[in-house]
Amino acid sequence: MNLHEKKIPIIKIHDYLIVPIQVDMHDKLAIQLQSQILEEIAKTRAKGVLIDISVLEMVDSFIGRMLSGMASMAAIMDTSVVIVGMQPAVAITLVELGLEMPGVDTALNMEKGMEMLERRLKSRKTDSF
Amino acid sequence: MLEFPYNTDCDLLGKFKIDTEYDIVTVRQVIRQYAKDMGMGIVDQTRITTAVSELFRNMYNYAGGGEVLIERGEVESHNALIVTCMDQGPGIENLELAMSDGFTSGQGMGYGLPGTKRLVDRFEIQSVLNEGTTVRIMKWK
């Protein structure tokens with residue numbers, strides 16, 4: 001396993017970007033992913049981003065801050081971010097750690113996350129009339 | 001190295017250096033494996049892994065790295081996984097403040113020590129200005 005060379009794929013489907021995080025991220029990889037997603041948002045004009053963390057066995061304060069930072073940055077670019085699939089043990093630990101993730105929406109799984117984004121997109125369209 | 005008031009009778013499982021951010025990931029995975037091997041449940045595995053990750057990052061960010069001792073032993077009739085993090089960094093000026101709950105890692109301020117403490121069963125810290133900081137945490141099986 002070479003920790004240094006891993007790259008996280010970003011998949012585009014219709015208006016959405018799907019980011020499956022499959023590795024235990026070191027700090028540089030997390031920061032790199034953040035800018036990679038923002039670049040991809042700009043390039044594809046995606047309306048929503050689903051970040052799948054279902055295989056992540058831990059989220060520490062660094063990764064937690066990276067995720068909430070990304071949600072705020074994406075919001076400025078008029079894109080919604082939903083974090084999907086957080087393991088119960090990770091959620092428990094985050095709360096005990098006292099880490100708040102303001103502005104971060106979460107969904108139980110990819111399907112629910114997608115529905116959340118679609119609802120949001122629809123309500124935004126109606127708003128603009 | 002700073003000494004804790006009492007020594008525990010335990011087996012050394014491993015000794016590691018935290019020099020790079022890759023070491024943070026590697027060593028926390030090693031600790032998770034030990035926690036698993038001891039028979040800790042998934043939530044406790046996650047708690048100890050997250051706690052050490054916070055401590056390693058502090059060593060890496062504030063002290064340029066440090067050393068980690070992983071031990072297993074019986075402490076107060078508990079089967080304990082013991083992780084000691086030692087650095088030779090600047091030390092923490094006001095330990096009481098650093099340990100108080102308003103001083104969390106929430107917005108990137110402070111060392112996140114109160115949160116880390118909540119994740120483990122025993123948390124001990126010693127710090128001397130310009131000499132370094134040693135944190136020892138324990139998780140009962």
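Which residue in E5(B) is the bridge partner of B:Ile125? The answer is B:Val135, and the points below place this pair in its setting within a predicted model.

1. The hairpin of chain B. Strand E4 (residues 122-128) and strand E5 (residues 132-140) of chain B are paired in the antiparallel sense through seven bridges. The pair B:Ile125 and B:Val135 belongs to these two strands. Three residues lie between the strands of this hairpin, and B:Asn130 there adopts a positive phi near 65 degrees.

2. The other partner of E5(B). E5(B) also runs antiparallel to E3(B), to which eight bridges join it. In this part of the sheet, B:Ile82 is found opposite B:Met138 of E5(B).

3. The sheet of chain B. The five strands form an open sheet in the order E1-E2-E3-E5-E4, with antiparallel pairing. On average, neighbouring strands are turned by 15 degrees against each other, direction ignored.

4. Overall make-up of chain B. Chain B contains four helices and five strands. Read from the N terminus, its elements follow the order β-α-α-β-β-α-α-β-β. The chain has 141 residues, of which 42% count as buried. Of the contacts between residues at least 6 apart in sequence, 66% join residues at least 24 apart.

5. Helix H1 of chain B. This helix comprises residues 21-37, 17 residues in number, and spans 25 Å from its first C-alpha to its last, close to the 24 Å expected at 1.5 Å a residue. H1(B) lies across E1, E2, E3 and E5 of chain B and runs at about 165 degrees to E1(B). B:Gly39, which follows the helix, has a positive phi near 95 degrees.

6. The two sides of H1(B). Its buried residues are B:Asp23, B:Ile24, B:Val27, B:Arg28, B:Ile31, B:Arg32 and B:Ala35. Viewed down the helix axis, these buried residues fall within an arc of 165 degrees, so they line one face of H1(B). Their cover includes strand E1 (10-18), helix H2 (42-63), strand E2 (66-75), strand E3 (78-87) and E5 of chain B. The face turned away from the buried side carries the exposed residues B:Gln33 and B:Asp37.

7. The sheet of chain A. Chain A has an open sheet of five strands in the order E1-E2-E3-E4-E5, with mixed pairing. Strand E1 (11-13) and strand E5 (105-107) are its edge strands, each pairing on one side only. Strand E3 (residues 48-52) and strand E4 (residues 80-84) of chain A pair in the parallel sense over five bridges, and A:Gly48 has A:Ser80 in E4(A) as its bridge partner. H1(A) packs on the sheet and touches E1, strand E2 (16-20) and E3 of chain A, its direction making about 155 degrees with that of E2(A). H2(A) also packs on the sheet, where it touches E3 and E4 of chain A; its direction makes about 155 degrees with that of E4(A).

8. The interface. In total, 21 residues of chain A contact 24 residues of chain B. Helix H1 (27-44), helix H2 (61-76) and helix H3 (88-97) of chain A each supply at least two residues of the side that touches chain B. H3(A) gives the most, with six residues. By class, this side of chain A has eight nonpolar, five polar and eight charged residues.

Key
Residues are numbered from 1 along each chain as its sequence is written. Chains are lettered from A and ligands numbered from 1 in the order in which they are written. This is a predicted model: local features need pLDDT of at least 70, side-chain atom pairs count only at pLDDT 80 or more; totals for chains, interfaces and linings use all residues. Two residues are in contact if their C-beta atoms, placed from the backbone, lie within 7 Å. Ala, Val, Leu, Ile, Met, Phe, Trp, Tyr, Cys and Pro count as nonpolar, Asp, Glu, Lys and Arg as charged, and the others, Gly among them, as polar. Two strands pair if DSSP finds at least two bridges between them. The expected span of a helix is 1.5 Å times one less than its number of residues. A residue is buried if 20 or more other C-beta atoms lie within 10 Å of its own, exposed if 12 or fewer, and partly exposed in between; C-beta atoms are placed from the backbone. The arc is that of the directions from the helix axis to the C-beta atoms. Axes are lines fitted to C-alpha atoms, for helices over the stretch in contact, and angles run from 0 to 180 degrees between N-to-C directions.
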